[in-house]
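Dear colleague,

Please find the structure below, together with its sequence. My notes on the side-chain contacts follow it.

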Amino acid sequence: MDYGTLHGLVTIVVMLTFVGIFAWAYSSRRKKQFDEAANLVFSDEEHQEMKDSGEQK
């Protein structure tokens, strides 16, 4: 196997990996989990505000 063939195979593997990660990240099955993860920062702030004001959750 020469360098050109190896280079081509590595390029194809990297491209397929990229397409797989892209499809996984934008799949509709994962949207709810990603939305929850994106809002975790805000839930910590609400919890901290309630803790500072003496309220129990």
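A search of the whole structure, which is a predicted model, finds 3 aromatic pairs. Rings of Phe, Tyr and Trp (its six-membered ring) pair if their centres lie within 6.5 Å; planes under 30 degrees apart are called stacked, over 60 edge-to-face, and the rest tilted. The ring centres of Trp24 and Phe34 are 5.4 Å apart and the planes stand at 85°, so this pair is edge-to-face. Because Trp24 belongs to helix H1 (residues 3–25) and Phe34 to helix H2 (residues 31–38), the pair ties together parts that are 10 residues apart in sequence. Helices here are DSSP runs (H or I, at least four residues), numbered from the N terminus.

Trp24 is partly exposed, at 45% relative accessible area, and Phe34 is also partly exposed, at 31%. This term covers values between buried (under 20%) and exposed (over 50%), with a 1.4 Å probe and protein chains only.

Arg30 lies over the face of Phe34, 5.1 Å from the ring centre; the criterion is CZ of Arg, or NZ of Lys, within 6 Å of that centre and within 35 degrees of the ring normal. Phe18, Phe22 and Tyr26 form one aromatic cluster.

The structure holds 1 salt bridge, that is, a side-chain nitrogen of Lys or Arg within 4 Å of a carboxyl oxygen of Asp or Glu. Asp35 and Lys31 form it (3.2 Å, N to O), and both lie in helix H2, 4 residues apart, about one turn of the helix.

Residues are numbered from 1 along each chain as its sequence is written, and side-chain values use heavy atoms, without hydrogens and water. In this predicted model, local features need pLDDT of at least 70 and side-chain atom pairs count only at pLDDT 80 or more, while totals for chains, interfaces and linings use all residues.

With kind regards

Technical notes. Helices (H or I, at least four residues) and strands (E, at least two) are DSSP runs, numbered from the N terminus.
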